[in-house]
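Hi there,

Here is the structure I promised to pass on. Have a look at it first, and my notes follow below.

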Amino acid sequence: MEERPQLLARHTRDRWLGIALVIGVAAITVLPIAFVVVNSFNVAQPSQPWTFGLSGWSDAIFGSSRTLSSLTYSLILSVRAPLAVAIAFLISWLLIRAQIPGRSVIELALWTAFFLPALPITLGWVLLLDPNSGLINIFLKKLPWQLGPLNIQSVVGILWVHMSIATVPVMTMLLAPAFRIMDASMEEVSRTCGAKNWQTLRRITFPLILPASLTAVLAGLIRSLEAFEVEQLLGSRSGIYVYATRIYDLINYQPPQIPQAMALSTLILGVLCLLALLYQRIVSSRNYATVTGRGMSMRPLLTGRWRYAASAALFAYIGIGVVLPVTVLVLGSFMRLFGFFGISHPFTLDHWRRVLESPVFSLAVRNTLVLSLSTSILGLVFYSVLGYVLARSNLTGRKLIGLMTWLPWAIPGMLLGIGLLWLLLSMPVLGLLYGNIGALLLALFIKELPLGVNLSSVAFLQISQELEFSSRVCGASWFRTYRRIMLPLIAPTLVSLFAVTFIGAVRDISTTVLLVTPSSRTLSLLMFEFSAAGNIESAAILGLIVTVLAVGVALVVRRLGLSMSVS
Amino acid sequence: MVSEWVHIDLMVNTRVIDPKKITSWKDLLKPEYKGKIVAQEVTVGAGGATARALLEDFGPEYLKALYKGQDLVLTRDAREVVRLMAQGSQPIALAVIPAHAEAFRKEGFPLERVFPTDGVLSVSGGSAVPKIVANAPHPNAAAVFVNWFMSKRGQEIYTAISLEPSRRTDVVVPTIPQYIIPKAKTKYRNQYEEDYYVNIAPKMRKQIEQALGR
């Protein structure tokens, strides 16, 4: 009888905590989006009072056939998300379960690939696969067989660039930790019962990795809608317009067609909310604990020649998809005119000298480090706490929080930027952030929230609660349990989380571009400014520097994470 | 409008194209030039300026015949326009930005401005139009900046980088090419005149998109 008031008090406390969290998350996710939705109905000129009208909507939907065709292309190109998850699933299995030779090099290369900035890499591909002047195409023409030309400026080309440097690597980064910590005994049992490798894969491994895969697919689908630079560069010549380039076009019209852009975004917002709801249903319907107290290490599944064949295939994939464009990029940064080998003195150090000597550059290095480190540290703390709440607690409004965490990805980064800009300028306290790194920090924290929270919540879901209970039964406090049991188990995921947030912050252009001022400019934004001004050589140099910086930091973090985790 | 120059509607790579063969805009409709022309996208600054000029001088039918009928390669990227012209795959370029053209000409690419006998040349202000946001918090700071920007020193710095000739007669930058400097006696279409920019241009954009069937 004595327990009841205590339970009741705890219940009330949970409720208030839940409500507070709902409000907190809503403030940073719903507000900027509400701004976009509300302003899709605004027909007034900028700086004039808000006037209701539907012309934004009708223009967006019926005004131009481009809208429909851009949505169709977006749909076609989003096929890369499920495709990449399938490939990443296979790669993770080969790396961790089959333990093919050279796996650490392959994994490292995939990490590196994900850090590569899209813009200069795409330029590298144009240099290689331009239908007329691409180096590979010129080579193909010389061969006796009638091959080519391979055209990078096509749907397949866009898919290839995305998948090789972004989608497949990031999906592998998300899935590999799930494989690594998964209880192998279930697979062992399956094999003991006489199942073949592929049967085990399909019936046991795949279902167990499902939540992590679903997060990856959903994240990939949403992100693919937002992808912009590659489509912009490769698509415009073959008339491939996607949702994000259409939005960009509308914003860059003279004068800008903001209501149309916002109406179009609101439309997509609806679709994405449905997707997020669907995801929640699937994930909450089953028990996904794959990490139990039982054995984790196991003997390699593939044997003999197959291991080497698989390894060779992955090395070839990395050679073509990562090493080749990077080499071209390095080469390009030393060229007087990027891609023109035929001029009298094609190579020069001038571009490097000019970039490295510029005071703008050293400021950008400092800004980038401060911004990315603070975003990822802040993110690590808050995302993992929110993820824990979603996975474990019974707080009021838990489901609502789960849904809201997806919202920041529901609109393109540039519109999120507009929403935040409005928020900063209209709220007295937040206004202090404008003009310094604080504004960018807030923007990136919001931008990386969806993946961060859901990635860590999936990691917690995977860990069987028995482990926590046994620790508590043995008398350990919650904090001690968290530190000694949970933290080591989810360390690989947390490391991925830190790295993904860090890279997201280092690479971001679209979300921060409207919030930046000359004193808070980052390396990526400087690269964007160079490339927008047509200075591709300097953009390539900054691309390389961003890559080296990000890969370096990520490697250190990765080392740290692997040494923290259980082996 | 602090600087002003003659908009580069048409430029060719003379290694591939004989500039003397293009005397009229109508020449561009010849079958031999199909797929050989690159232009900046009509929704972007310079690309829009060229499309507006062609619409005004030759009407929507011409615009359609040129942009659609000749399979124009369109890009939003100003550097890409010049790159394609220089590499020779699309040796004819519409809507070219001076600084990009000069970067390639400096390395020996034979790019030449072509002036057809028909049509009216446009003058443009490019990025050199200072605007002050209404009700902005620090109007005096803006005034100080604009004042510096319009000074001899400010204009020397700006024009040396952008290669857009200043309207200050005391600012002379030798690297600015002759073909973009307006001539005293020629009558130009001023696309940066306020009424044209604010009222006429947006209306024409709709007509252009209609003509191109978008």
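This is a predicted model: local features need pLDDT of at least 70, side-chain atom pairs count only at pLDDT 80 or more; totals for chains, interfaces and linings use all residues.

Strands here are DSSP E runs of at least two residues and helices are H or I runs of at least four, both numbered from the N terminus. Strand 7 (residues 122-124) pairs with strand 1 of chain B in the antiparallel sense over 2 bridges; pairing takes at least two DSSP bridges between the strands. The open sheet has 3 strands in the order 1-7-8 (chain B), with mixed pairing. Strand 1 (5-6) and strand 8 (189-190) each have a single partner strand, so one side of each lacks a neighbour in the sheet.

Now to the contact between the chains (heavy atoms within 4.5 Å): 32 residues come from chain A and 27 from chain B. A salt bridge joins B:Arg79 to A:Glu537, with the closest N and O atoms 2.6 Å apart; the rule asks for a side-chain nitrogen of Lys or Arg within 4 Å of a carboxyl oxygen of Asp or Glu. Across this interface, 2 salt bridges are found. Helix 2 of chain B gives the largest share of the side that touches chain A, 6 residues.

On conventions, residues are numbered from 1 along each chain as written, chains are lettered from A and ligands numbered from 1 in written order. Local features need pLDDT of at least 70, side-chain atom pairs need 80 or more, totals for chains, interfaces and linings use all residues, and side-chain values use heavy atoms, without hydrogens and water.

Best wishes
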